[in-house]
Amino acid sequence: MAVEVRIPTILRTYTGGEKAVPGQGATLSEVIENLEASHPGIKERLIEGADLRRFVNVYVNDEDVRFTGGLGTSVSDGDQVVVLPAVAGGAR
Amino acid sequence: MLRIDQETYDAIVAHAKRDHPDEACGVVAGPEGSDRPERFIAMVNAAGSPTFYEFDPTDLLKLYREMDDRDEEPVVIYHSHTATEAYPSRTDIGLAMEPHAHYVLVSTREHGNSDGPVEFRSYRIVDGDVTEEDVSVVASLEDLRSQG
């Protein structure tokens, strides 16, 4: 499955400044492994242990993957994967 | 330095006062590369908390798509501290992911929901390094554009 992955500003150092890069895989997990092969280091920014990082949001076709199976979310040809770091913080 | 117009400045302060004692948060978008905060967008604090803020993930996607369509970027990302000073906390620093943004902090600790001055301060946060910068308030968006 060929998908498009939209990369946030902060991670474009891994993609040579590209805003969007192609990815391959049947699940989000496979797409991230595939991204890592072309853009080493990016996986660690997205995943912690066996899960997505708490403050990284990933959407497949505008659906937040936290509600569609997380890293196991299946993707199809032509799908769009969007990565957005949370905008968050606080006094503590 | 952050240059911002009076109306946008007032909108940020009003939002912070309105949501006190919870933290308020939002963005001022502007044309990519312009460094001009032009479009004020108050966001919902999905955490609804006096000590934490987080844009709702669905709203976040909508916001970034909209900015993308309009060739904008988040020029200012603001939030309030409601019991502490207007300085980035460790959490703020660790979670700051927009190296080009001015991170604005407003503290409502002194007057809460009431009228009265607030601390309004601006920072760059890049790779964990915090640099405070001056804030210059101009009369209108036109001034922002003409002096830019």
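In the predicted model, the contact between the two chains draws 25 residues from chain B and 17 residues from chain A. On the side of chain B that touches chain A, at least two residues come from each of β4 (53-54), α2 (57-69), β5 (72-81) and α3 (90-95). The element that gives the most to this side is α2(B), with five residues. Sorted by class, the side of chain B that touches chain A is made up of 12 nonpolar, nine polar and four charged residues.

The chains are also joined by strand pairing. Strand β8 (residues 88-89) of chain A is linked to β4(B) by two bridges, and the two strands run antiparallel. Within this pair, Gly89(A) has Tyr53(B) as its bridge partner in β4(B).

Chain A itself contains two helices and eight strands, in the order β-β-α-α-β-β-β-β-β-β from the N terminus on. Its radius of gyration is 13 Å, close to the 12 Å that the globule rule gives for 92 residues, so chain A is as compact as a globular protein of that length. Along the principal axes, the C-alpha atoms of chain A fill a box of roughly 45 × 30 × 25 Å. Of the 92 residues of this chain, 34% count as buried. Among contacts in chain A between residues at least 6 apart in sequence, 52% connect residues at least 24 apart.

Helix α1 (residues 28-38) of chain A has as its buried residues Leu28(A), Val31(A), Ile32(A), Asn34(A) and Leu35(A). These residues lie on the same side of α1(A), because the arc they cover around the axis is only 160°. An α-helix has 3.6 residues a turn, so residues three or four places apart point the same way.

In soluble globular proteins, nonpolar side chains tend to be buried together. The largest nonpolar core here has 57 residues, of which Val81(A) and Val106(B) touch the most other members. Leaving aside residues up to four places away in sequence, Val81(A) touches Val3(A), Glu4(A), Val5(A), Arg6(A), Gly23(A), Leu28(A), Val31(A), Val58(A), Val60(A) and Val75(A). Two of these, Leu28(A) and Val31(A), are also among the buried residues of α1(A).

Notes. Residues are numbered from 1 along each chain as its sequence is written. Chains are lettered from A and ligands numbered from 1 in the order in which they are written. This is a predicted model: local features need pLDDT of at least 70, side-chain atom pairs count only at pLDDT 80 or more; totals for chains, interfaces and linings use all residues. Two residues are in contact if their C-beta atoms, placed from the backbone, lie within 7 Å. Helices (H or I, at least four residues) and strands (E, at least two) are DSSP runs, numbered from the N terminus. Ala, Val, Leu, Ile, Met, Phe, Trp, Tyr, Cys and Pro count as nonpolar, Asp, Glu, Lys and Arg as charged, and the others, Gly among them, as polar. Two strands pair if DSSP finds at least two bridges between them. A nonpolar core is a set of buried Ala, Val, Leu, Ile, Met, Phe, Trp, Tyr and Cys residues joined through C-beta atoms within 7 Å. A residue is buried if 20 or more other C-beta atoms lie within 10 Å of its own, exposed if 12 or fewer, and partly exposed in between; C-beta atoms are placed from the backbone. The radius of gyration is taken over C-alpha atoms; the globule rule is 2.2 Å times the number of residues to the power 0.38. The arc is that of the directions from the helix axis to the C-beta atoms.
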